[in-house]
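Trainee: I have a model open and want to learn how to read it. Where do we begin?

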Amino acid sequence: MSDSETEETKISTEPVDNAWAMKIPTFKAEDNPHGMVEESSFATLFPKYRERYLKEVWPLVEQCVAEHHLKAELDLMEGSMVVKTSRKTWDPYIIIKARDMIKLMARSVPFEQAKRVLQDDIGCDIIKIGNLVHKKEKFVKRRQRLIGPNGATLKSIELLTDCYVLVQGNTVSALGPYKGLQQVRDIVLETMNNVHPIYNIKALMIKRELMKDPRLANEDWSRFLPKFKNKNISKRKQPKVRKTKKEYTPFPPTQPESKVDKQLASGEYFLNQEQKQAKRQQERSAKQAEAAKRQDERRNKDFVPPTEEKASSSQKDSSSSSKVDVKALKAKLLKANRKARS
């Protein structure tokens, strides 16, 4: 073996700046000339409503997996799909890819999209969201928030992450490059934790623009990204009257007097039945007399004449002084006329 070949086979232990930029070497048939020793198979169940579609596209599925020397079987009686390896299969990981493909097809992903998983740089992720929110109403609202009006939010997530995303039932199926799958998972989990997806979409758009600028490649981008502030206020009804806590005392409170104690204190306990009844009757009649008196006062209130205030002496003096002296006024006017004529 030459020195150049040994250098290529050495594994680098130095830290990597950008792992996503690394190219994964392709696995070829020459790397595994003997093929697979044992047969491996995976099966998955599919719902009843997918039976018609799978029956139509199954010849295409068999043709697609045959290119990788795999076998596919569709059992309509049990409602299952099976993929198997053969003696000609040389890629040991292709059976895992085929398993992911039939899983996606069982979760309503069309075959045209699901077959992309068989590529080396494409993966899939099935995110379970059913157990993240306990209340059904909240779960439905947050799942709809992920889809958006007319699917606009979901479409923007697909454009930014280069992934195919399908929201159905209690799961979200994602299909695309591995970096995009990680971004989709973060968006979905934060949306179900009551963080609106628009924040993550804005962050992805800003990051995409910042990546184009070589000056900001080695700087911290946190100052450019939007910050989410949780402004949820507790909707629990507050009591109108809040009870203030009393000061702590080590001594227990005094025991309230019982009915018998009150009767002993007033002397009623020692009265016989007739005396008790007479006392109750007397109290009742006194209450009735008092109530009748209040009723009469209330009725006679309208017939009481109002008190008139007497005019004071100062008001009389002012009214007398305000009277005009007619004779003096006439004499004054005659004098003025004479002066005017002369």
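Mentor: Begin with pLDDT, the predictor's confidence in each residue, from 0 to 100. Helices (H or I, at least four residues) and strands (E, at least two) are DSSP runs, numbered from the N terminus. In this protein, helix α1 (residues 3-9) has the lowest mean pLDDT of the elements, 45. Strand β1 (residues 41-45) has the highest, 94.

Trainee: What is the mean pLDDT of the protein?

Mentor: The mean is 84, and 89% of the residues reach 70 or more. This is a predicted model: local features need pLDDT of at least 70, side-chain atom pairs count only at pLDDT 80 or more, and totals for chains, interfaces and linings use all residues. Residues are numbered from 1 along each chain as its sequence is written, and side-chain values use heavy atoms, with hydrogens and water left out.

Trainee: Over which residues does pLDDT stay under 50?

Mentor: Over residues 1-9. Contact means heavy atoms within 4.5 Å. For that stretch the model has 1 contact beyond four places in sequence. Where pLDDT is low, the predicted coordinates should not be read in detail.

Trainee: How do I read a nonpolar core?

Mentor: In soluble globular proteins, nonpolar side chains tend to be buried together. A nonpolar core is a set of buried Ala, Val, Leu, Ile, Met, Phe, Trp, Tyr and Cys residues joined through side-chain atoms within 4.5 Å. Buried means under 20% relative accessible area, exposed over 50%, partly exposed in between (1.4 Å probe, protein chains only). The largest core here has 28 residues. Val61, Met81, Met101, Met105 and Phe111 touch the most other members.

Trainee: Which elements give two or more residues to this core?

Mentor: They are α2 (51-66), β2 (70-75), β3 (80-85), α3 (94-106), α4 (111-114) and β5 (164-168). Helix α3 gives the most, with 8 residues. There is also a second, separate core of 20 residues, which includes Leu160, Ala174, Leu181 and Met192.

Trainee: What is Met81 in contact with, leaving aside its neighbours within four places in sequence?

Mentor: Its contacts include Phe42, Phe46, Leu54, Trp58, Ile102 and Met105. Glu73 is also among them.

Trainee: How do I read a salt bridge, and how many are there?

Mentor: Look for a side-chain nitrogen of Lys or Arg within 4 Å of a carboxyl oxygen of Asp or Glu. The structure holds 7. In one, Lys84 meets Glu73 at 3.3 Å, N to O. Lys84 is in strand β3 and Glu73 in strand β2, 11 residues apart. Lys84 is partly exposed at 22% relative accessibility, and Glu73 is partly exposed at 40%.

Trainee: How far apart are the closest N and O atoms of Asp125 and Arg185?

Mentor: They are 2.8 Å apart. Asp125 lies in strand β4 (residues 123-128) and Arg185 in helix α7 (residues 178-192), so this bridge ties together parts 60 residues apart in sequence. Asp125 is buried at 17%, while Arg185 is partly exposed at 30%.

Trainee: Where do Arg294 and Glu290 lie?

Mentor: Both are in helix α10 (residues 273-300), 4 residues apart, about one turn of the helix. Arg294 is exposed at 51%. Glu290 is partly exposed at 49%.
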